[in-house]
Structures are given as C-alpha cells and as structure tokens.
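Open the model in your viewer and colour it by confidence. Then follow the selections below.

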Amino acid sequence: MDKVMSNKFVISLYVLPALLLILTLIYVPIVLTGYYGLMKWDGIGEMTFIGLENYTKLIQDADFWGSAYHSFLLALFSAVSLIGYLGISLILTSKIKGANTLRKIYLIPMLLSSVAIAQLWSKIYHPSNGMVNSFLQSIGIDNPPAWLAEPSLVLPAIFVAIIWQYAGFYILIYYAALKNIPESLIEAARIDGATPLQIAWKIKIPLIAGVIKVTIVLAIVGSLKYFDLIYVMTGGGPNGSSEVIASYMYQKAFGSYDFGYGSAIGFFLLLICLVVTWLIRKLTATKEEIQY
Amino acid sequence: MSTIAQANTKHEAKRKNSAFSKLGYGVLYAILGLIAVLQIYPLIWLFFFSLKDNQEVFNESPFSLPTDPKWENYTRVWTDGNIGLYFFNSIWITVTAVVMTVLLASFVTFAITRMKWKLSKPVLGLFMVGLMIPVHSTLIPLFDFFLKLNLIDHPLSVVLTYTAFNLPLTIMILLGFYYTLPKEVEEAAIMDGCSIHRLFFQVTLPMTLPVVSTTAIINMIYNWNEFVFINTFISSDQYKTLTVGIQNFIGQYMTEWGAIGATLMISIIPILIAFLFLSNRIVEGIAAGSVKG
C-alpha cells in the first residue's frame with residue numbers, strides 16, 4: 001500500500017505538469033517583473049540596465065501617487081462597505097422567508113463580466129438618456145451632472161458600480177458563515193434574554209470573525225488589484241481622475257510602451273499586495289486569539 | 001424558574017412585541033426587496049433598450065417598454081459584428097482551459113492528499129500563494145515570454161494562462177472535498193491490486209464528481225469573463241472572445257444603443273441561463289472558493 005502510494009514516478013507525473021505551469025506563468029514572471037524594472041526597455045528593442053532609475057522615478061511620480069491614492073480610496077471604501085453587507089446578511093439569516101432566493105438574486109451581477117458591467121453602467125450614467133439622470137430629472141433635478149466626465153464625481157460613480165458588482169458576493173459569504181452557527185447557541189442566548197442586536201454583536205459576529213478577516217483581505221487586496229471595470233468604463237479618465245495602480249501600469253506598459261517602468265509599477269503592486277495581506281493577518285490575528 | 005414558566009414569559013413577550021415586530025419585519029422585507037430590485041433592474045433596463053432603435057432611445061423615456069421590439073438588433077450584431085465568431089471562441093477557449101485546469105488540479109490534489117512524499121507541503125504552499133499574485137505583476141514578462149515563443153496572437157497563450165491562474169483556486173476547493181472523502185474505498189482498491197492510475201481515474205475521480213463539477217462551473221464563469229489576458233495577448237479578430245470582442249465592437253458603434261444592448265445581452269445570456277439551472281452549484285462554489293483562503 002505505502003509502496004504504491006509513494007511511487008516517485010507517479011507523484012512527479014501527477015504534480016509536475018501543474019507545477020511547471022504555475023512556475024513558468026506565475027512565479028518566474030513575478031521575479032522577472034522586478035528584474036525588468038531595472039531596465040530601460042520599450043518591449044521590442046534591446047534592454048539597457050539603468051539600476052534603480054525606474055524605482056526612483058516611481059517614488060517621485062505624482063501621477064503614480066495619484067493612482068495609488070485612488071486605489072487606497074477604493075480599498076478603504078470596499079472595506080467600509082463590508083459593514084453594510086454584514087448587516088444585510090444578519091437580516092437575511094433572521095428568519096426571513098425567501099432568504100435563499102434573495103441572496104441568489106443579489107449574486108447575479110457578480111457573475112457578469114466586468115466589460116459588460118462597465119458598458120452597462122456607462123449607459124446608466126449617460127448624461128441625457130441614462131437611468132440615473134432620467135430618474136433625477138423626473139424628481140425635479142434639472143441639471144444632473146455628467147457623472148463619468150466630472151473629475152470629482154467619477155470615482156464615487158465607479159464605486160457605486162463596484163458595489164453593485166460585488167455586494168452579492170460578500171453577502172453570500174457572510175450568509176453561509178452565519179448559517180453555520182449552531183441554532184442552539186442563539187436559542188440559549190435568547191432564553192437568557194439577549195436582544196437580537198446583542199445576539200448579533202456579542203455572539204454571531206465574534207463567531208464568524210475568521211470569515212470577516214478573510215473578507216477584509218479579499219476586499220482590500222482585491223481593490224488594490226482592481227482593473228477591468230475602470231479600464232473599460234473610463235480608461236482612468238477624465239484626466240487621470242479615476243486612474244488606479246493597475247490601470248496606470250497598463251497604460252505605461254501597453255499604451256506608451258515603457259515596459260521597464262511598467263514592470264517597476266507591477267513589482268510595486270505585488271509588494272503592496274503581499275505586505276497588506278501580511279499586515280491585515282497580523283493585525284487581526286491577536287483579536288481572534290482573544291475570542292476563542 | 002421552571003421551563004414552562006420560562007416558555008410562558010417568552011410567549012407573552014412575543015405577543016406584546018408582535019405588532020412592533022410585524023412592522024419591523026415589514027421594513028426589513030422592504031429593504032431586502034429594494035436591494036433585489038436594484039440588483040436586477042439594470043439588467044431589465046438593458047434588455048429593454050436592446051430592443052429599441054435610436055429614435056425610441058432618444059425620444060422616449062428611458063424607462064418605457066420597447067413599443068415595437070426590434071429583434072433584428074440581435075440578428076444584425078450577430079452577423080455584422082463578428083459576435084457569432086467571438087461567441088464560438090469564448091466557448092472553445094473556456095472549455096479547453098476548464099478541462100485542463102480541473103484535470104491537472106485533480107492530479108495535484110490526489111497526489112497531495114493521498115500519496116506520501118516529502119515536498120507535498122511546500123508544493124501545496126506554492127499553489128496557495130499563487131492565489132495572492134496580482135495579474136498585473138506578471139503581465140509584461142508573460143507578454144515577452146509568449147512573444148519569444150511566437151504565441152502572441154495565438155489562442156494557446158490564453159488557454160495556458162487561464163489554466164495556470166485558475167489552478168490555485170481549483171486546488172483549494174478540491175482539497176476541502178478530498179480531505180473529507182473516506183479513504184477506505186481507495187485502500188480496498190489498492191489491496192485488490194488496482195494500479196494507481198486506475199485508482200485515480202476509475203475510483204477517486206468519479207467519487208469527486210460533485211466537487212469537480214462545482215469547480216468546472218466556477219472556472220467557466222471566470223474564463224468566460226476574463227479580460228486582461230485576452231486583451232493583451234490577442235489582437236486579431238479571429239481569436240477574440242466575447243469580452244474583448246464586444247469591447248471593440250461597442251467602440252465602433254458608440255451611438256447605437258440598440259446594437260450595444262443586443263451585444264451585451266448576447267454576452268451575458270449564457271451566464272444567466274447557467275445560473276438559472278445551476279444556481280446552487282455556483283453559490284456553493286463561490287462560497288467554497290472564497291472563505292477557505
């Protein structure tokens with residue numbers, strides 16, 4: 001038995017194809033991104049080694065920090081909106097008829113491609129014939145703004161589309177976690193006279209703290225990497241006011257063919273994502289120990 | 001206090017609160033219902049304007065029903081806009097990548113949970129860390145790599161990348177199932193002299209079919225919707241999938257709402273149909289794929 005199950009040849013046969021794929025297409029590229037960041041390179045011609053020039057340029061690049069700030073706002077906003085999703089999930093799991101169907105309906109936008117969502121929302125925000133402005137006009141607001149062309153409004157407008165896209169996803173996760181809490185625990189608290197709010201705050205939320213932690217990582221790191229919808233909807237505009245790190249990297253690399261600088265941004269993005277993931281896990285780890 | 005007395009006081013409290021709680025529940029249902037409407041209505045609105053012509057879009061209220069549904073919007077974009085070709089490409093690229101991902105991931109999960117080897121932990125770690133890598137941090141080297149292999153503007157570049165990037169999530173979902181699966185059946189098969197390959201293909205793989213189909217569905221949705229890789233690696237119409245195809249097509253038909261709506265509807269209908277029939281599987285897969293991270 002053990003002999004069959006520790007056959008080295010079979011193990012390599014089963015593991016190597018997948019392992020080679022992720023090594024060549026994920027791990028080697030992230031190392032190379034850091035390395036290409038040290039080069040002056042247009043993607044076609046010869047590479048010239050320029051040391052840390054791209055990275056020092058990155059630190060002084062106001063446009064980059066502008067995009068990083070937008071990514072940060074997006075991350076903050078996504079993390080805060082988790083509270084709302086948690087609230088909705090708490091309601092959904094409190095003896096609501098049709099809760100299962102409702103959470104499925106909420107999920108539908110998340111299954112659509114970001115391209116389709118971006119195109120649809122560009123129409124929703126259309127200055128004259130869009131849903132939003134037509135509605136605003138019908139309730140008496142005469143000059144509703146052109147949402148996606150207004151530098152101060154474009155980010156909030158995109159946030160709303162992102163909420164629409166992801167709300168169902170987080171509600172689904174919280175719903176599943178809350179359903180896993182044994183009914184007897186909640187019943188016991190109820191008999192002791194705890195109010196629904198107390199039960200939610202003192203029992204349910206602490207019990208799903210692990211899941212909440214995962215969703216915080218997902219929301220923040222997901223926001224830092226966010227690309228598709230913004231790229232299609234505004235391309236980072238107007239005038240960079242909706243640019244995020246990933247779209248800025250894409251524009252530098254595949255728009256102005258500055259592959260060296262694009263690589264430096266890509267490598268920086270990787271570092272931010274890894275550090276933030278590690279940081280959130282660290283910060284939330286102690287809390288969890290107290291609870292259990 | 002006896003349990004009966006306890007039950008009584010509880011009952012009384014319930015009666016006192018019932019009017020209040022009825023109102024409370026009414027408000028809650030209203031909130032939940034409103035959210036459902038907000039999630040669905042944009043899609044209904046999209047469907048309506050996909051059946052209108054510009055005349056109707058610009059002169060009537062955006063909330064009106066299409067007076068004379070222009071189904072020809074759909075037939076027109078299907079033929080004029082290469083949408084048929086993009087649709088076909090989406091299907092075969094998605095299916096090829098899904099089959100490869102699920103099969104390779106099953107091999108790996110089998111080797112990690114069933115076989116004994118020293119490096120299994122670190123190898124699993126490599127797959128799991130893969131979940132955290134941002135796509136944009138791999139894009140330039142991947143582009144360069146495929147360029148050198150003459151695979152830029154070749155569908156293989158996309159199929160391989162989809163497979164690699166979906167392996168970590170797929171393995172994660174499979175692992176949970178493999179760990180809970182009793183090993184007795186497999187042990188008995190080995191005792192009976194079953195070879196390891198027969199064990200995998202004829203015993204383990206059939207037993208894991210439920211989770212395999214869950215991961216297949218999740219992978220299908222992700223691949224169907226993927227945008228960054230296909231937009232970067234593929235430039236000729238011949239190999240474009242729906243996501244990037246509709247993006248270019250809409251760019252050309254900026255002002256024709258009906259055509260845009262019809263194109264978008266065509267791209268999302270397969271997902272909506274899949275959801276109609278497989279919603280439980282999809283919900284289960286998304287939940288399994290997110291929480292265990």
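Now select residues 287–292 of chain A, where the pLDDT is below 50. Beyond near neighbours in sequence, this stretch has six contacts in the model (C-beta atoms, placed from the backbone, within 7 Å).

This is a predicted model, where local features need pLDDT of at least 70, side-chain atom pairs count only at pLDDT 80 or more, and totals for chains, interfaces and linings use all residues. Residues are numbered from 1 along each chain as its sequence is written, with chains lettered from A and ligands numbered from 1 in the order in which they are written.

Stay on chain A and select residues 69–280. UniProt, in an unreviewed entry, places "domain: ABC transmembrane type-1" there; such annotations may be inferred rather than shown by experiment. The span is 73% helix and 0% strand (DSSP runs: helices H or I, at least four residues; strands E, at least two). Its end C-alpha atoms lie 19 Å apart.

Pick 105–122: 67% helix, with end C-alpha atoms 22 Å apart. Pick 207–227: 86% helix, ends 33 Å apart by C-alpha.

Next, show the contact between the chains. It takes 70 residues from chain B and 77 from chain A. On the chain B side, helix α13 (residues 257–291) gives the largest share, 12 residues.

Technical notes. pLDDT is the predictor's confidence in each residue, from 0 to 100. Two residues are in contact if their C-beta atoms, placed from the backbone, lie within 7 Å.
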